[in-house]
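Please keep the model in view while working through the numbered points.

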Amino acid sequence: MTDARVKRYLVLEDGSVFEGYAFGADAGTAGEVVFSTSMTGYQEMLTDPSFAGQIVVPTYPMIGNYGINGRDAESARIRVAGFVVREHCDQPSHADSEMTVDEYLRSQDVPGLWGIDTRALTRRLRTRGVMMGALGSSAEAAVGQLKAASTYGDTDLVQAVTTGHSYRWTDSDGDRQHSNSDAGQRRPDWPRRRVLVSDYGVKYNIMRLLQSRGCEVITFPATATAEELLQREPDGILLSPGPGDPELLDYAVETAKGIVGKVPVFGICLGNQVLARAFGGSTYKLKFGHRGANHPVKDLRTGRAYITAQNHGYAVDADSLPANVEVSHVSLNDGTVEGMRHREMPVMSIQYHSEASPGPRDSEYIFDDFVALMDQGMDQGMNEAKSN
Amino acid sequence: MNNPPSEPKPIAKPKKVLVIGSGPIVIGQAAEFDYAGTQACKALREEGVTTVLVNSNPATIMTDEGVADVVYIEPLTVEVIERIIAREKPDGILPTLGGQTGLNLAVELADAGVLDRHNVRLLGTPLATIRAAEDREEFRDLMGRIGEPTPPSEIVESQQGAEKALKIIGLPAVIRPAYTLGGTGGGIANTLEEYWRFAGTGMAASPIGQVLVEKSLAGWKEVEYEVMRDAADNCITVCNMENFDPMGVHTGDSIVVAPSQTLSDKEYQLLRTASLNIIRALGVEGGCNVQLALRPGNIVAKTLPDQIEGPDYYVIEVNPRVSRSSALASKATGYPIARVAAKIAVGKRLDEIPNAVTGKTVAAFEPALDYCVVKIPRWPFDKFAGGDRSLGTQMKATGEVMAIDRTFEAALLKAVRSLEITDRDALWEPKPDDTHFEAHDERLWTLLAAVRQGTAPEELSRITGVDPWFTRALERIAKMEARLLAEPLGRDLLWEAKRMGFADAQIGVLTDRSEEQVARRRAEYGLRPTYKMVDSCAGEFEAETPFFYSTYEQENEALPTGEPTAVVIGSGPIRIGQGIEFDYCSVHAAWALSDAGVKSVMINSNPETVSTDFDTSDRLYFEPLDAESVMSVIQNEAGDGATPASIVQFGGQTAINLSQSLDAAGLPILGSSAQSIDIASDRHLFEEFLARHGIPNPPGAAVADVGRALQVAQEIGYPVLVRPSYVLGGRAMEIVQNATELVRYMSSAFAAASGRRVLIDKYFEGREVEVDAVCDGEQVLIPGIMEHVERAGVHSGDSMAVYPGLNLTKQEVDAIVDYTTRIGLGLNVRGLMNIQYVLTSGNTYRSPTDGSKREGDGRAEVFVIEVNPRSSRTIPFISKVTGVPMVRLAVNVMLGKTLAEQGFSGGLWKKQDIVAVKAPVFSMSKLTGVDTYLGPEMKSTGEVMGIDREFRPAVAKALMAAGLMLPKNGSILLSMADKTKADAVALVNELHQAGYKLYATKGTAAMISAMGLEVTTITKVLSGEHPNVVDVISDGTVDAVVNTVTGDRKSLQDGFNIRRVATEKRIPCFTSIDTARAAAESLNGPTDDYSVAPLQDYLNGP
């Protein structure tokens, strides 16, 4: 614990004020305040692009116990707008630890708040719904931040996290650096399956899991058009997770419309919502979202239940989907849509995070399903899909 | 990787299921199985399944009317279970909730062909899995097949084999002898010398001469996962737990933290995935516990032998059943593992079982915690100071406490408060010459003392293997102590100290204030604990569980209900002298309150129990049972309204001791007043009271110094019974034969109860009789009289008790009823009391089967030994065998309803047409170095009951259930003190008639020869000729031992080896001639003519 404690405040849109202490960067911030119930994986959470624009509150009270390491980041930098914890650990204990959470936040100019009753905050968000909030050195400063901030739901946050240019993912020796080099035409010596990723805020582990299944992975900006993607002769396209309201992503929806039926498509999280819109469906905002590592999902085709990692604030409206799109997975907690399959086209998508990181790995088999879908090719894929 | 999708297969739901309980409480198998079995029976009945329950332990909620459809309190043997199966015709048997006892019995039933013969399906865990988890070689092979790493090991049966194993495994190595319970003979070898020593002793100890040499992972992190699986192959983990103590200490003896603290998500998921792979491979349908070793962090790893190669984790052990850890995980998360496991066993899928916590979601989820849980074991070394206190592969704790808070430091400090070890708070330090860092029961305090003295936490981690994250937390506690010592106690400092879990009492010590002064300052600053809910979902969903823990935070979730409320104070951790019986009483108290329309609030700190099941009471507070915590809960429940009254009668000495603090604080107590309690507990007041009422008690006095003690003893004459006042389970109680011993006692006794006086009483070697009674201020109801088999001088908790008293004259019964009634009314008891009497006329042992009854002049010589103004250990027993619901009656009396209004009247309740024998059960084989002889200090950990129409089959069943049954036509070693030889003639005759071959030490052999019987003389001298007494026990020549002692130090020392060896060998060893006679008596007559019937049948009469 830092000896010289500096007060810091969280002010919520509904006027409630939480007084705690500052850690991380000496700055104010604003964002949508959300809680996550995952007990481990704070480094993955901090760097998950889907948390862009949000002040994240882990419900687990002691954060930072095993430090920050060189392996667990899920994107190039911290993405959260702010971080609010009950306790943060100044003396982490782990062989891989390189710095504390406090140092990590400071190094990337992200402010944190500790020492508040995070459970009280969580209960408030649960009962009233997620809302905007701001951190400041005084309640007044925080209110100022809040007023100045643009509303989460009105901001296309994908633009803030997507890659600026296409790149080929290379992580063969556990090195998370990715090359900016060319992602051009196929060469005969490249792997059999080429997967293109529409980066709405992709996590490294998605690319790692594809690569470990023998895929070449090339990642594109979210604004890449269907034409741009298809001309790279992909075996499959993955629409990635990402932050914000899918209603703001008309460009991504257009791209999705242009690729479905032409190549096997796999959507995860925001990718799932974009696909739903591409099929003519709609999405809506959940009261307090699904964020954590313990969410049960039922695969309706097998009847099996899986524990999944989730991080979404919006959901697909099942009733809005056309008849040729079936709901393949539902949440066992609230019955919301957790996955879809197109009855005629090789399109599969899930609302949860099969890449986990953080969270249980039970759903990694979904990547095998996607690989199988690609291997069956377009025709077989469609037949397979029809037979379901 | 790829889970083949499979349609859930439908399973025929069984109609009637036999649930096997775990038997008596022993070390390693405690109240957690009562909790599990009770939940399971309730869950099965919800599913429309008829439940038949069998358990030999009467002090359980599961054996209560209304929990299962049919209850058998019978010994857990194959013969008995087969008779139950033949009678009840269940189509399924569920053994996975009865601990290792249940699983072992299931295997025996299958092997004996019972299950096939009666067409009974084994539910929960397949037979092959039970075997695979028990057989280390099979387990290793199975793990190998699914690619899960196990520590390298070699099976060794010879010197050459041991040499080969040493080359392959290297040092350090664990040597585990095969088929010896408790790892006798084995150990962790760090040096060649140790290796060869353990290899030798291990092979010698193993009945098949086999040991397993295993790579030692001492120093690695120890992590456990609680996993559930249903028949459709859905799997979840309920919780993971990290041991504060690294590998090398039995998990039951480790401080445990939930969830894990030092694991990254990748590690957490790595071990989680392994655990799921394992439960799938084992095919368990229900709950399973997986123990894993994880490579430690740098600081610790550098201290270990070079172990760079190999996997990052190893699978250590699997329990394919509900376990102690699952009870802990259930309480730590709110996820009811046993309940869900039972439903899975009858074919439900996880996604079909509602989540009882939220009432909205389903059981297919993984609890998210937003707090930290710390468990600390409770060891019996406050009683057995001479025992071996080191901790290793053999579990030694009798119980445990759990505490919850938002930080590790706070949860740890609260857990320390919950231990209730006299005078040992977090600030206590072991004597400087006692500080060693090997694992032992006081190591936590040793570490705290070291950080206080400035030892770097990393240094302590290097020495102990405890992860630096934990030792640094200890340092933060020490730093806070230093601040409290140095800084003025302002609001901020006090707030921070309270947030870190410091008790008012410790803050008082550090700031030179009384506990009350600190409490007052806290009140002035407006600092009060808030209460947070354990909801299994970290606040994500609205939950209905009324399960709370205190913490110093902003928002309080436990708002007063405004309804009539009473607080039941529980009994804390299970320890010798305060066992599951008191939890039984607390649970019944909560139920009785609810039935009477009063909201019940339970406070307890023990995660193993039924009382801390969140649906036992209307509200559960998981808190230490100290004055601060209890008063804070009461204040919280009161809010601005009426202060709820507390019930202190059911939580053993823990609760009764709080009565004076509550009363002093002006808080109301339900039932007998603090003043009544004080009179019964204070020697002087009590003597005055008895004298006033003309009720005799053994002469004696309370003394404060040696001089006065000698004087009193001189006046009343030796032998005298000495004990400190206000103690539990006869702690530090002794029979003293002469002045020398009295001086020795007086110079040591004050350590056990500092500042308190010592009671000296004339010791009468008579028969002991015990009654429980309920009093409403007008009448006193005595449900029955229990007569002890052993003469006075053996602690009542260690005595066999027989209901009804079979050898009492009418005059004696009348006197007991009269005294009991007058004491109850005179003390103005409202609720329960327990009285022990000694009867001095006639012989000390009289055979209940002896038709001639007793001689004597008909004069009743009855003395009161002790009055406890509270529920007692025998309440579950007497309630069950008489059908009188003692706790319910008592609670209603407290609420103002007379016995008459409840349909009962005063006096002795009608004698039932049964004989029930309660027998104590000991855990001595697990406590090396502890003497097993019976005396005034209680040593047993549990109890069993034998019930039948007559004494002989009843006592036979009690002995059978307690594992003390003498085999037919066996051999026995007799070694008796001169004093008991006269009493031994009848015993020897009984044994001879039963066809026993007799072995005896010199003096005893002479006595037997003089009776004209054949006897083999065995020398007592261990260094001399062979075979000696130890030889004939360890080589299996004799099947049982009788070794009586007079109580003086010399004869105790002589017999110590005999008793210890018999204990290690797990053969009956009787140290009271009276128990031996009862056992011998049970031999004469057919052994299989006992009845096996539901409890209700016995009570309904023949």
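Predicted model: local features only at pLDDT ≥ 70, side-chain atom pairs only at ≥ 80, totals over all residues.

1. Strand β21(B) covers residues 619-622, and it pairs with β18(B) in the parallel sense over two bridges. Two strands are said to pair if DSSP finds at least two bridges between them. Helices (H or I, at least four residues) and strands (E, at least two) are DSSP runs, numbered from the N terminus.

2. Residues are numbered from 1 along each chain as its sequence is written, and chains are lettered from A and ligands numbered from 1 in the order in which they are written.

3. Strand β17(B), residues 530-533, pairs with β18(B) in the antiparallel sense over four bridges. Within β18(B), Y549(B) stands opposite K532(B).

4. Is β18(B) enclosed or open? Five of the five residues of this strand (residues 547-551) are buried, so β18(B) is largely enclosed by the rest of the structure. A residue is buried if 20 or more other C-beta atoms lie within 10 Å of its own, exposed if 12 or fewer, and partly exposed in between, with C-beta atoms placed from the backbone. Both faces are covered: F547(B), Y549(B) and T551(B) are buried on one side, and F548(B) and S550(B) on the other.

5. The loop between β17 and β18 of chain B contains P546(B). This proline has 19 C-beta neighbours inside 10 Å and therefore counts as partly exposed. Leaving aside residues up to four places away in sequence, P546(B) touches F614(B), D618(B), R619(B) and L620(B). Contact here requires that the C-beta atoms of two residues, placed from the backbone, lie within 7 Å. From C-alpha to C-alpha, P546(B) and D535(B) are 8.7 Å apart in space and 11 residues apart in sequence.

6. Two helices of chain B deserve attention as a packed pair. Helix α13(B) (residues 408-418) and helix α16(B) (residues 468-486) meet at an angle of about 75°, and their axes are 10 Å apart. Axes are lines fitted to C-alpha atoms, for helices over the stretch in contact, and angles run from 0 to 180 degrees between N-to-C directions. The two helices are therefore roughly perpendicular to each other; angles under 35 degrees count as roughly parallel, over 145 as roughly antiparallel, 65 to 115 as roughly perpendicular and the rest as oblique. F408(B), E409(B) and L413(B) of α13(B) make the contact with A473(B), R476(B) and I477(B) of α16(B).

7. Helix α35(B), residues 1073-1083, is mostly covered, for 11 of its 11 residues are buried.

8. The peptide bond joining S357(A) and P358(A) is cis, with omega about 10°, and P358(A) is found in the loop between β19 and α10 of chain A. A cis peptide bond also runs from H1026(B) to P1027(B), with omega near -5°. Although not a glycine, E233(A) has a positive phi of about 50°; with 11 C-beta neighbours inside 10 Å, E233(A) counts as exposed. R1066(B), likewise not a glycine, has a positive phi of about 55°, and its 14 C-beta neighbours inside 10 Å make it count as partly exposed.

9. Finally, chain B may be viewed as a whole. Chain B has 36 helices and 41 strands, and 62% of its 1102 residues count as buried. Along its principal axes, the C-alpha trace of chain B spans about 85 × 75 × 60 Å. Among contacts in chain B between residues at least 6 apart in sequence, 72% join residues at least 24 apart.
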